[in-house]
Amino acid sequence: MATQNAVMKLTSALTPSFESIRRDIKDFKKANKSKSRDELADSYGDKICWKYASVGCASALPSVIPGLGTAAQVATEVGSITGDLALMIRWMGSMTVGIAMIYDRDIESNFNQDFVMVLGLWCGVFKSAQEATKRVGTKVAIAQFKKVPGKIFQKINQKVGKTIVTKWGTKRGGIAVGKLVPFGVGSLVGGSFNLATMKMFKKSAMKFFSSSEDSEIFMEG
Amino acid sequence: MKTTELDYLKILYALAWVDSKLQEEELLFFEEVENLLELTDKEKQIADEWKKVPFDQDELNKIDFSSFSLDQKKHILLLVISVAKADGIITGNEEKFVENIKALLGLGEISESDLVEEIKDSLDLYGALDIPDK
């Protein structure tokens, strides 16, 4: 229960502004009238990916954006996480909201759960039926998500933590900003990495929201 | 990594070679970037060649920038400006390079401050670091 609360609190603390993103989507649809829903979701997700990577670049320019830095520590209800990690998760949340809106999902009512599901898909705890044909695991019907036992949150928490440490924490732990990364552009390097991470997350969000609401998702093991 | 992303790396090498020599720190930088981008073996071989011989700046003209989205183009320009300014000094060659990239990207009218303002708007929209202390 503690882990479930921790994951939920993290997503709650980092929930984006639905109204702002709704307006953003409306403008985006207007500017891309000829695109299908899938194309819209893909393009919108890409837009966020590139803008996020650009944040990394901009933060490398001295004093451009105060408060943005690789060393910023941000306290949330679940404990301290680094500022850049909080930013990444927040932007993932925004992407989740935007893509959900494009697929006409009621994301405002279901953000916490849906975001956790997309995180689960992204970090591999959940698999679609097509991917999991050789694995028999607990069948988790999206519609029954509220009844899912706490151990699934544990797995997500472990896997997200491990994924982040493996791809982010460990490698970035090896980067002493301003030392190992010359040019003084620690965030720049992080930005390049983040682009790849965000693109994978985009695919997970699209997979989740483009599937029908009674689709089944499998959990490994 | 898709072809367009390899081109993106190519732009960085072109900038690094603009002063005719790759510094030790630049080599370390590229090693780190390439590790994080998880290049395939073939892509690593290509990137290794770019470390050894002066980069032919004409290679940039072979990149099909028309396939890049507007946000991708703006990102590339900001990346180039950031890298050029990273050591605190922007050389004449680097300035010319930035202008050349702007022209190739079709972003001739845009300034660095325009790009930064857009980033700030994005932070307002998608999330900034003012995470509430709940």
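## Two loop residues with positive phi

B:Ser20 lies in the loop between α1 (3–16) and α2 (24–37) of chain B; helices are DSSP runs of H or I with at least four residues, strands are runs of E with at least two, and both are numbered from the N terminus. Its phi is near 70°, a positive value in a residue other than glycine. B:Ser20 counts as exposed because its relative accessibility is 58% (exposed means over 50% relative accessible area, buried under 20%, partly exposed in between, with a 1.4 Å probe and protein chains only).

In chain A, A:Asp104 is placed in the loop between α4 (83–102) and α5. A:Asp104 is not a glycine either, yet has a positive phi of about 55°. With a relative accessibility of 56%, A:Asp104 also counts as exposed.

## Basis of the model

This is a predicted model, in which local features need pLDDT of at least 70 and side-chain atom pairs count only at pLDDT 80 or more, while totals for chains, interfaces and linings use all residues. Residues are numbered from 1 along each chain as its sequence is written, chains are lettered from A and ligands numbered from 1 in the order in which they are written, and side-chain values use heavy atoms, with hydrogens and water left out.

## Chain A overall

Chain A has seven helices and five strands. Read from the N terminus, the order of elements is α-α-α-β-β-α-α-β-β-α-α-β. Of its 221 residues, 55% count as buried. Among contacts (heavy atoms within 4.5 Å) in chain A between residues at least 6 apart in sequence, 80% join residues at least 24 apart.

A:Phe18 and A:Phe111 form an edge-to-face pair, 6.0 Å centre to centre with 75° between the planes. This pair links distant parts of the chain, with A:Phe18 in helix α2 (residues 18–31) of chain A and A:Phe111 in helix α5 (residues 107–122) of chain A, 93 residues apart. Both A:Phe18 and A:Phe111 are buried. A:Phe18, A:Phe111, A:Phe115, A:Trp122 and A:Phe201 form one aromatic cluster.

A:Trp122 is also touched by A:Thr197, as are A:Met88 and A:Met92, not counting residues up to four places away in sequence. A:Thr197 lies in helix α7 (residues 186–210) of chain A and is buried, with a relative accessible area of 6%.

## Helix α4 of chain B

Helix α4 (residues 70–85) of chain B packs against helix α6 (residues 112–126) of chain B at an angle of about 115°, with the axes 11 Å apart. Axes are lines fitted to C-alpha atoms, for helices over the stretch in contact, and angles run from 0 to 180 degrees between N-to-C directions. α4(B) is therefore roughly perpendicular to α6(B) (65 to 115 degrees; under 35 is roughly parallel, over 145 roughly antiparallel, the rest oblique). On the α4(B) side, B:Lys74, B:Leu77, B:Leu78, B:Ile81 and B:Lys85 meet B:Glu112, B:Leu115, B:Glu118 and B:Ile119 in α6(B).

B:His75 lies in helix α4 of chain B and counts as buried because its relative accessibility is 1%. Leaving aside neighbours within four places in sequence, B:His75 is in contact with A:Trp50, A:Ala53, A:Ser54, A:Cys57 and B:Tyr8.

Terms used
Phe/Tyr/Trp six-rings, centres within 6.5 Å; stacked < 30°, edge-to-face > 60°.
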